[in-house]
Amino acid sequence: MAIPATPVEFPDFLKKVFNDIKLKNAALVAVMGATGSGKSTFINKACGRDEMTVGDSLVSCTADIKLSSIFKLNGRDVCLIDTPGFDDTNRKDVDVLGDIAGHIACAYKNNIKLAGVLYLHRISDNRITGVTKRNIKMFHNLCGYDAMKNIAVITTRWDLVTETEGASREREIRTNPSFFKDAITNGAGLIRHLTNTTHSAQEILSDLIVKSEPVALKIQKELVDENKNLHDTAAGAELNRELREQIQKYKDEIEQIKTEMKERQQKGDNQIADLREEINDIKRQKTQAERAREEMRVDYQELRRKQDTGK
Ligand SMILES: Nc1nc2c(ncn2[C@@H]2O[C@H](COP(=O)(O)OP(=O)(O)O)[C@@H](O)[C@H]2O)c(=O)[nH]1
Ligand SMILES: [Mg+2]
């Protein structure tokens with residue numbers, strides 16, 4: 001079976017080439033990070049072709065996990081996995097988690113281990129948003145501290161900062177526990193992708209690949225070795241916790257509006273259609289959040305079945 005020259009969706013790719021000895025020998029590296037951190041750009045530079053769609057808009061381009069074609073690096077075959085961020089404007093985070101978890105667990109189940117993970121982070125951001133923090137949290141939960149020796153945090157967009165600004169932000173993310181302090185303490189690298197060039201991308205990859213033995217990420221072990229349901233994995237539990245909070249918020253909002261409704265009615269004001277509409281709106285969002293929680297009640301087999309059948 002020939003390796004496809006262009007990237008394809010992971011499930012098909014897996015089915016077609018899992019038994020291909022070439023992929024078994026290839027160094028497989030997952031590229032993670034928030035939307036806009038430069039994952040697709042980095043992959044295009046690394047393999048020297050424009051394979052991944054690069055997004056300029058706020059809507060994420062990476063709707064699914066994608067594999068790059070296999071390319072040679074220092075005589076070794078390398079293949080990169082482009083993953084969606086946990087801030088996607090067009091997808092629920094539970095879907096993103098299922099997507100990443102299902103596919104990398106499937107690789108692990110088939111004895112294909114990751115050589116490492118690159119986590120991309122924009123050094124140009126002068127304010128760290130909630131979304132950035134969430135992505136960092138999910139990254140830690142997906143990978144686990146045992147895997148950190150095979151992980152490098154890559155800072156991007158150095159062309160948009162002065163050396164002093166960049167170095168000061170680098171210090172912050174290196175020493176602050178909300179960022180990468182714990183990852184780095186446990187062996188993760190913190191590396192500058194200074195020039196956004198093929199040379200820089202390949203140098204980063206070379207260092208990661210030669211560094212150590214392939215690794216199992218926490219989510220892979222949880223789903224495959226420990227037979228956990230997705231909602232019991234560290235990453236799933238984090239999303240579950242957030243969803244529970246969100247659902248409670250919706251409940252509180254509904255109660256508040258109901259109280260307001262009663263107050264209006266007591267004053268003889270029966271114009272409450274707007275409040276009813278508001279309640280219905282919140283109820284719809286609450287139902288969505290509840291469904292998302294339900295969707296995480298799947299084990300590895302069920303997750304893969306859903307992904308293969310689309311149901
Ligand atoms: N100035 C600058 N822009 C970059 C760099 N890397 C990526 N970009 C831009 O950042 C935007 C998001 O990049 P993309 O690769 O799509 O990010 P992804 O969502 O993580 O895949 C695009 O407009 C890229 O052209 C960089 O090093 N410097
Ligand atoms: Mg992308």
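**Buried rings and charged pairs**

Me: Is Phe139 buried or exposed in this model?

Reply: Phe139 is buried, at a relative accessible area of 1%, where buried means under 20%, exposed over 50% and partly exposed in between (1.4 Å probe, protein chains only). This is a predicted model, in which local features need pLDDT of at least 70 and side-chain atom pairs count only at pLDDT 80 or more, while totals for chains, interfaces and linings use all residues. Residues are numbered from 1 along each chain as its sequence is written, chains are lettered from A and ligands numbered from 1 in the order in which they are written, and side-chain values use heavy atoms, without hydrogens and water.

Me: And why is the pair of Phe139 and Phe180 edge-to-face?

Reply: Rings of Phe, Tyr and Trp (its six-membered ring) pair if their centres lie within 6.5 Å, and planes under 30 degrees apart count as stacked, over 60 as edge-to-face and the rest as tilted. Phe139 and Phe180 have ring centres 6.3 Å apart and planes at 65°, so the pair is edge-to-face.

Me: What does Lys221 pair with?

Reply: Lys221 forms a salt bridge with Asp146, with the closest N and O atoms 3.8 Å apart. Lys221 is partly exposed at 26%, whereas Asp146 counts as exposed at 69% relative accessibility.

Notes
A salt bridge is a side-chain nitrogen of Lys or Arg within 4 Å of a carboxyl oxygen of Asp or Glu.
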